[in-house]
Amino acid sequence: MNAKVISIYAADTSGVCSALYELGGMTVVHDASGCNSTYATHDEPRWYDRKSMIYISALTEADAVMGNDSKFIRDVAKAAGELSPKFIAICGSPMPAMTGFDYSAAAEEIERETGLTTFFVDTNGTHSYLQGAEGAFLNIAKLFCREGKEKQANSVNIIGATPLDFSVNTSVSSIKKWLLDNGFSVQSCFAMDSSLDEISTAPQAAVSLVISSDGIAVAKYLFDTYGVPYVVGVPVGKSFSKKLSADLKRAVSEGVCINSCGEKAVENAHMIVAGESVFASSLGAELGAKTVATVGIRNSEVLSGTDIFCEEEAELEKLFSQHKTVIADPLFRPICKVASFVSLPHVAFSGRCFLKDIPDLIDKDVSKKLNL
Amino acid sequence: MIKESGINITKAAFPAPFESGLEYNPPTRGVWNIVHTGMLIPESRQIFVCAQGCLRGVILTAAEMNAMDRMSWVTVSEQDLYDGTMEQDVIDGVRDIINRLEEKPKCVLIFLSCVHLFAGCDFKMIIDELSALFPQVHFIDCYMTPTMRKSISPDSLMRKQLYEPLEKCEKKPKTAAIIGCDRATDEASELVKIINSAGFELLDITKCKTYEEYLSMAESSLNITYIPTAKPSGEELEKRLGTKHLYLPLCYGYDEIEGNYSRLCTQLGVKTPDFSADREAADKALANALEIVENMPIAVDYTALPRPLDFCRLLAEKGFNVKRCYADSFSEEERADFEWLKAHCHDLEILPTVNVKMEFSQCEEKYLAIGQKAAFFCQTDNFVDIVAGGGGYGFEGIKRLAELMAEGAVNKKDRRKVIQHKGWGCESCL
């Protein structure tokens, strides 16, 4: 894949760090140095204001060539001894992938040395943030979620909240408010403004709301293991949020899983929304527009038959030229020369470039917010 | 409470006072990276070929400096790591990008990454093939190899490759160039004044507006470097183009500064001027600053000035209360200053910037910081916002630093905003 002028999405390692940021653990990326500055500068708007133990191993050429795994294990254990995290997560960049670093063995060794729950997330810097965040969320659910005494009626797990998709504006708190306004309560939020203890009670929820495709694997796990059904969609706009609320109620009463954003009628085929599949698809449903998922993998659980998955710049340029209105991150604008371009910044694509301009579309009049 | 990991200079080892380990990344973004530096070549385009995680940082560096029209990329996928097609993937990707550009660039900087070097990728073959496909384009082999921590740094290597297109040509006898600096050297510095008054034209990549103007830097008969990471550039050009190279390190000891000027004047064939007035002017500026700063504790970091210990020594000699120096390691050039401080400045603490415990460091006292990292760790809005010497040099540079210290001690800056601006002096969309 190549691009002459557009940006690139945040990578799997950033997804791991972002997903685990607020949970009190220590996350270590086995990397030389690029991953930490990239993540901390462009992918993590919380970095300046809120501390989190996110580090790199500072891999050297000698360690890469000689396979000095014991140094990695020793350094992680030493830092954990000094900082006392709640858990340790390790993941990796391209170089350790080439040398065949054994993360599973390293995690076991670190856990034995520190006595702290330690897990690895399978990353190598070549995949998108969605894959990394998905792996991180799934590990947290498997290792920390426990079945409680009883189900909490109408309580909801929000799954897939990271600043990469929802920035640090009011979007996540608006989702919580919207749930409360619709007769629900919040059981947990994977993983913004929720503690590890709150997240561990996720099996007690009546339903899960998946707001990003990186949350689908956890939602499935909670359904398969604890019988918590899930609904996929972001409550953007007035009309789609109403449908989503009804679907959540149906999921609770019937125990079924529903892909709300995949069920839509395309009334405005001249309009296309680009971005992460759940968000873009939800916004597409609100506007009756088509969706093109520009990151991750084609996910049949999210996208409808009329939706498209496309990551290639040249193909996207052609696709955009076939539509009158394109709603996308501003860094897609250079390949959108004909259509009317509606700017909708997405941290996972443009980092902090347009952070101030990211709107909160939750339960709002989207046409008004986006000046459509 | 987690105790930060500073060490008193009397107990510190040289040149590496701290054990290596996991690393933290403080939110100070002023130091230039290889993208900022590469952009100094006028009318060039950069194409990075690496994994998504590595691409993200460099692409957004360009985006933040409003330079996406000069930046392209090719991903290395998981499969590419193992299937033996690395060279062909680079060639195919770069060819496709150039073919899709409306206007062909005059120069393309191709950046390969650690995985390419580890796999033994034949970069020369790639450059040869692409040069044959696009004879009107000059391709430069560039490297984004952060694993190279023990040999030449990516920053130093970038500054070396920055002049790769310069070709051997007839020298202009009255022409000199400053090599490897991110920013223009202060016109008021003695360095620039000596060169100008000797009748030499001074070339500098930071002033080049066109690619042709940049190429004409090959005509220089004397190349000067003064930033340590630029030294290999000067040495390389001396070897390749036969251009005399003078390394006149950016320093703060008065005698060393004069020594540098003496070497420069000898090379230019002019009499070394008397610097008494310049020394006095620097002394006066420092005395004025001291009157304002008084006994306020001072912290200096390694990103502000290439030789932080040298500057700490100057401050201590002139009566300032210098208490902290933030640096993870030191260059050999600073050994004498380290020994002097060890003997004369027993209260000086050396603090790391990447140690994990630094994330939780607290600072009770109100500091005047020299540099962004010092400002961040000392949690002070009273700071001198400067990176890599800021273009200052010699006695005039010291004078300017003293003035900035006086100003910084009195006026607060918006620390959160200032230190997060990526690439000091670069345009920013933030």
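Biologist: Which residues touch the most other members of the largest nonpolar core?
Modeller: The model is predicted. Its largest nonpolar core holds 270 residues. Those that touch the most other members of this core are Val76(A), Phe137(A) and Val207(A).

Biologist: Which helix gives the most to this core?
Modeller: The leading contributor is in chain A and spans residues 129–144. This helix supplies eight residues to the core. The element is helix 7 of chain A.

Biologist: Which residue of chain B is in contact with Val76(A), leaving aside its neighbours within four places in sequence?
Modeller: Contact here requires C-beta atoms within 7 Å. Within chain A, Val76(A) meets Val28(A), Ile88(A), Ile90(A) and Ile110(A) on that basis. The list also holds a residue of chain B, Leu22(B).

Biologist: How many residues of chain A are in contact with chain B?
Modeller: Chain B brings 53 residues to these contacts. On the side of chain A, the count is 56 residues.

Biologist: Which helix supplies the largest share of the side of chain B that touches chain A?
Modeller: Elements that each supply at least two residues of this side include strand 3 (71–75), helix 3 (86–100) and helix 16 (415–420) of chain B. Helix 2 (52–64) is also one of them. The largest share, 10 residues, comes from helix 2 of chain B.

Biologist: How many residues on that side of chain B are nonpolar?
Modeller: The side of chain B that touches chain A has 14 charged residues and 13 polar ones. The nonpolar residues there number 26.

Biologist: Which residue stands opposite Asn2(A) in strand 3 of chain B?
Modeller: Strand 1 (residues 2–3) of chain A pairs with strand 3 of chain B in the antiparallel sense, over two bridges. In strand 3 of chain B, the residue opposite Asn2(A) is Val74(B).

Biologist: How far apart do the C-alpha centres of domain 1 and domain 3 of chain A lie?
Modeller: The domain assignment places domain 1 of chain A at 12–127 and domain 3 at 264–369, with domain 2 at 149–261. The C-alpha centres of domain 1 and domain 3 of chain A are separated by 33 Å.

Methods. Residues are numbered from 1 along each chain as its sequence is written. Chains are lettered from A and ligands numbered from 1 in the order in which they are written. This is a predicted model: local features need pLDDT of at least 70, side-chain atom pairs count only at pLDDT 80 or more; totals for chains, interfaces and linings use all residues. Domain bounds come from an automatic or database domain assignment. A nonpolar core is a set of buried Ala, Val, Leu, Ile, Met, Phe, Trp, Tyr and Cys residues joined through C-beta atoms within 7 Å. A residue is buried if 20 or more other C-beta atoms lie within 10 Å of its own, exposed if 12 or fewer, and partly exposed in between; C-beta atoms are placed from the backbone. Helices (H or I, at least four residues) and strands (E, at least two) are DSSP runs, numbered from the N terminus. Two residues are in contact if their C-beta atoms, placed from the backbone, lie within 7 Å. Ala, Val, Leu, Ile, Met, Phe, Trp, Tyr, Cys and Pro count as nonpolar, Asp, Glu, Lys and Arg as charged, and the others, Gly among them, as polar. Two strands pair if DSSP finds at least two bridges between them.
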